[in-house]
Amino acid sequence: MLENLLTHSAFEILTLSDRAAQALAENPWEAAGYTLLALGGTGAFLSLLGMALIYVERKVAAHFQCRLGPMRVGWHGMLQSIADALKLLQKEDIIPEKADKLLFFLAPVFSIIATVLALIIIPMSPSLQVVDLNIGVIFISAVGGFGVLGILLAGWSSNNKWSLLGAMRAGAQFISYEISVTLSLLVITLLAGSLQLSEIVQSQQDGWWIWRGHIVGVVAFFVFIISSTAELNRPPFDLPEAESELTGGFHTEYSGLRFSFFFLAEFINMFIASALGATLFFGGWMPFHIGGFETFNSIMDLIPPGLWFAGKTAFIVFLMMWVRWTFPRLRVDQLMRLEWKFLLPVGFINLFAAATIVLTKLYFFPGQ
Amino acid sequence: MGYIDTKKSTKAKVTTVGNTPINVVIAPRSPSGADSESLLTTIFKSVKSLFVGMKVTIGYLVRPSTVVTQQYPENRETLKMFDRFRGQLRLIKDENNYMNCNGCNFCEIACPNGSIVITDQRNPVNEKLELERFLWRLDSCTFCNACLQACPHDALEWSDGFEAAVYDRRLLVYTLNDYAGPPVKAINRAKKKEDRVEELLATMEPRKQYGGPVPLAGRKMPGVPALETENTKDNASPKHK
Amino acid sequence: MTEKSPQDNKHPEKPAQQPSTPESSAPKPTPPPAPAKPEEQVEKPPQPPELTLKVCAAISECKPYSAASDCPTVEVIPENLVKVLTALRDNQDFAFSMLMDHTAVDRIEDGKFELVYRLYSLTTLSMLLVSTKIPRDKPIIPTVSHLWDIAEWQEREVYDLFGVLYDNHPDLRRVFLEDDWVGFPLRKDYKDDFMLTLDIDSLRE
Amino acid sequence: MGLITEKFPEHIEKMPGGSFMLTRMDQVMNLARSNSLWPLTFGTSCCAIEMMMATGASRHDIARFGAEVARPSPRQADLIIIAGTIVKRMAPRLRTLYEQMAEPRYVIATGACTISGGPFIYNSYTTIRGADEIIPVDVYVPGCPPRPEGLFYGLLTLQRMIKEGETVRKPGIRKKPVFSALPPDISMKEIEEQMKAVLEKDSEVDVEKTRKGLTWPTGI
Amino acid sequence: MAVKISTLEERISVPAEGDNPLNTQEYFINMGPQHPATHGVLRLMLKLDGETVREVIPVLGYIHRGIEKIGEHQTYRQFVHLTDRCDYLSAMMNNWAVSLMVEKAMQTQLNDRIEYIRTIMAELERIQSHMLWWGVLGMDLGAFTPFLYGFRDREMITDIFEETIGCRLTMNYIQPGGLMDDIHPNFVKRVKDVIAYAKPKIDEYEELLSGNVIIQERLRNVGTITAEQATSLGVTGPVLRASGVALDLRRVAPYGAYGQVDFEVAVGSVGDCWDRYWVRVEEIRQSFRIIEQLIDNIPAGKTMLSKPAKKIILPEGSHYAQLETARGILGIYAVSDGKSENPVRIHMRSPNYHNVWSVDAMTRNARIGDLVANISSLDIVVPDIDR
């Protein structure tokens, strides 16, 4: 077992769905167990992760601003998010009289479903991935589009001018920045030669794409970070819910549990974007390897892959928080200009450069 | 549309408004005309400015000593207001609990919004006007200090009780005097002349206070350490006969 | 009772002032009035300031203000108001390019509203008060909102609080109060059941 | 009450040990509520600056109470801190804001203007003499404006009310510990008698009327 | 003459745009009175075409308390405390304006100590006001952290106020004829500490916000008003100076101790949001300069020249005094009948009331985001508009 761990062959992909399929052949009860595990685990993971992220965001923000943040519920306010969640559960659920009730009800559900769908294909460690689709990258893009549908519906169904403005902003912003995200995803797909996330991770055995792909990788990473922040509606691109402009944007009319769905989805989406960035550019759960230095690589392998993944994701999450608590917000036209006049050309040039690099094998450690 | 360098381009010169020469500093603008910078320089400076901003915020994150938060309910024992802090109005009393106020109404007249209501009575012994009840409406007081300024007898002062939140607005009307009766000056004068002192003191009637520096004084609140201060003792019901 | 009483002069700190006290921008103070009765001040008619005389010489419709004022003041009749203000704005000697303030005073004992236009010149840094009186029962005055942009809003405020009607005003409506408010609150005869009065004067005797 | 808890207590109470569970649940729920008071960004005048000082400034940091999540939309807020004078024109808007908030909702009135009209009680033709004429107020924080610590004390007072307050069995009915703030040797009756004498001049603040509940001032 | 009186409803009823189906419909949207960007209770009716603002109609009165009416029933001493509640961020300057008016009318000569302390206090007030504005501007533009930094540094100055006066915001300190209290013994040391602390912080402000390219893009060439427009609109203070008119009453008509100090007036050249932003940041520096020149040589003397029990009755006639607050020129106009303690009419020439209307001229054909930047750069305090 131990010697297995010390070599690369330890990283066998075994997703939860595969295990369920295997088990189904052998023992249907075990299969049911795996299904339940996947479902329940995802649900629990979702809420716990969301609450943890909210807590971390509040604490980090506080310390950026020379204050302490939540202090009074639990040790250093550890249970603050649980208190918030319990309170939101108890809040009265208001549906405005003139709202489109069906769509008003569906919008947060869409939002959270999109989040769950995107979460299941993130490879968190070799053995912790729910489904390993062979079109993973495209799936993520598609599901992200589904999420913005929830926002659009929320804005439309609330029957509130500010909500509608926010939703329209969200739509325009998402569609624009989706192009850039996809372009930067395509760069890695080109380099790795696969759309499957687990294979992309495996392809970084000799080094992460951010430095194996040198210029192309770094540019793609920055394009990805900027445009995925914009997709997430996080500051400095939080125009759809810009507090000082649109009061609450698309979720102005939502209260209680439904609002908490949006709130949760926003934070989980941040995790997903960070996890995707970590997977594509920092090798996901793959330890830090340098092609050819076997001793070094095996020392790195001592750290479990799950930790590697968590660390890298946390880094990108922190980066996003750092940006959020430093920068002011852009204006609508500036946002669009940034995308169409700057990021899009850069993305295209970068894609061509990536293609050239793949053809000429100019990246580091091409042969292995 | 270049980048504005706030440090460099500040220009100082003299202009005139009317005939008065005035030294002015002119706001920096982005370089234009001959000084204009190339696109690459602009992009470089712009991106650099973003990182400079990020450096400022991370500087505070990594230095926990910059946290300036005072944790209020926890630091309640050590929290001290400044000496002149206008917390709550109270009557100055001497060591025997006799007040200086003789009910002269000056503060009531000076009060801009009727937050002080004074009723007087005539003392049966020395037949002088004296304070019957000094009512102070904390719910409408604006802490303008006009009453202290107007008081000719040095009878009022501010205490530092800022904890006065209540559930019922009616509890914010305070009776400031412990007793209705002669002020300390009248008592001293009577003592000096040795003239009917006992009778004079007997005319004092206690006035029950339902307000005070801390309405919840001495009560325990969850999450709040119980408070035993001088104020609470002052607020105890009067010890007069 | 005035502040400038003899006991103030007893203070040893009472200094010979540097020239840069607040009064430096004010018109030259008249000799200190006798402390006892304020009526004595009224008896001395103040000499109109230089600017008033200059303005009256240049624009024939103006005449010096009859009542006491601490600022150069001219008086016009309502019909000449727009003409005078236009002249004051456009005359290069004065160039009153700013309408600093415009408000009204309810002179209920005369049955008049006094409208006050405070002009400020950015070239000579001088201030001029233009005063005009209109009857309380027919408070109509031509607008000056075409001369200064801000006049539109100042006039709206005066309409709101005093009920002065401005002829030719582009959009005369209430500013602070609701459109269906009854009465004009800053008039002296305004009655409101909602309003409470504090009878402090009875305590002052 | 929220989505889940509507039919909840009836089912629980039938279970063995159900009432104990309910009591425990009350405690947990009220603890959660009292520690997650998201205020509405609402401020009209000077007190709003001190409120921002309390909520915003690092020195005081309302985030320690979990209350820094200021919501611009009343739908998501739990607490409305009325900071500043309420005038006739604003009163219907304040009422709307309050009605837009989801239950459970709490109100803190800070500052003299909000509690009684403060400096504008007399001779003002618009100022509402007390925000409690518009919406029910839970906690009054006097001061002009109150110090941030004073506001925190008000928040703690509110937290105490919430913790003693609503139960799962009787949703929406709140116990307000009014009389606990009285010194032991004084009855409410005495206070009322003394108060009436004082407030006779100020006819808008009628003690009898306040007790009956919410009344709208005339002229709105 | 028939004068037409309109209402708000008439104002905002737009006839449906022509028959051309390609014409997009303009619609009115209501911003405020409870809106995070309107600094309290300003209500703006926006005529929007998509994201583009075609017209802004400020609707006021949501905090109109009738201070001028109350003032007719109060003595001048009592009226001072009401001015605190108008522009509460320059409360001390408001007090000073009333005091100046009264002292001018009574021809009271003040000693140097009073003038020095008043000037220092007013400049401290200006600094804290601008610091708060800086933070709020950051928050309006979406950066939350500057808000906290601005408040953190402002707290140091409110400490000074609290130590000397006992209040933090509404102080009622400058009285007709002097000051409420003498300064606290720690005052000079504390002021010096704050200057030493806050000066580097201003540079940090520059790094964090002024130098940030996003802020520059958000503010530059947004909401431009030319000098002619500005004078016609009657704006004063930093808004006017940003348009290039160096009208600063502290310089052109010095009051207090301003005649004895050396400082520069910050002006802009274009009149856009960036100029207004920079003028205020520079004013913080200049205020520090003024304080530094005065703080070491406060002369000795009395701090109250008139007895508080003495009645103030102004001579008959109209009286006016004006000074430069953090937002512009505040004038107090009082008409006295020479008999009573109360004025016949007291009127405040409020800087914010005159500044706020320029928001329409600034925001025509700009975006909603620009509107927020414009409101923020005007630095309005709504209770002072409504009074």
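Student: How many of the residues of chain E count as buried, and by what test?

Tutor: A residue is buried if 20 or more other C-beta atoms lie within 10 Å of its own. Of the 387 residues in chain E, 70% count as buried. As for contacts in chain E with a separation of 6 or more, 68% are between residues 24 or more positions apart.

Student: Why are S1(E) and S2(E) called a pair?

Tutor: Pairing needs at least two bridges between the strands. S1(E) and S2(E), residues 43-49, are joined by 5 bridges, so they qualify, and they run antiparallel.

Student: What makes S1 and S10 of chain E edge strands?

Tutor: Each of them, S1 (27-31) and S10 (366-367), pairs on one side only. They belong to an open sheet of 4 strands in chain E, with antiparallel pairing and the order S1-S2-S3-S10.

Student: How do you know that chain E touches chain D?

Tutor: Residues are in contact if their C-beta atoms lie within 7 Å. The contact takes 27 residues from chain E and 31 residues from chain D. On the chain E side, helices H2 (67-71), H3 (76-84) and H6 (145-164) each supply at least two residues. H6(E) gives the largest share, 5 residues. By class, this side divides into 13 nonpolar, 8 polar and 6 charged residues.

Student: And how many residues of chain E are in contact with chain C?

Tutor: In that case 64 residues of chain E meet 54 residues of chain C. Here the largest share of the chain E side, 5 residues, comes from H4(E). The classes on this side are 25 nonpolar, 25 polar and 14 charged.

Student: What does the pLDDT say about chain A?

Tutor: The mean is 81, and 93% of the residues of chain A reach 70 or more. Over residues 1-10 of chain A, though, the pLDDT is below 50. Where pLDDT is low, predicted coordinates should not be read in detail.

Notes:
Residues are numbered from 1 along each chain as its sequence is written. Chains are lettered from A and ligands numbered from 1 in the order in which they are written. This is a predicted model: local features need pLDDT of at least 70, side-chain atom pairs count only at pLDDT 80 or more; totals for chains, interfaces and linings use all residues. A residue is buried if 20 or more other C-beta atoms lie within 10 Å of its own, exposed if 12 or fewer, and partly exposed in between; C-beta atoms are placed from the backbone. Two residues are in contact if their C-beta atoms, placed from the backbone, lie within 7 Å. pLDDT is the predictor's confidence in each residue, from 0 to 100. Ala, Val, Leu, Ile, Met, Phe, Trp, Tyr, Cys and Pro count as nonpolar, Asp, Glu, Lys and Arg as charged, and the others, Gly among them, as polar.
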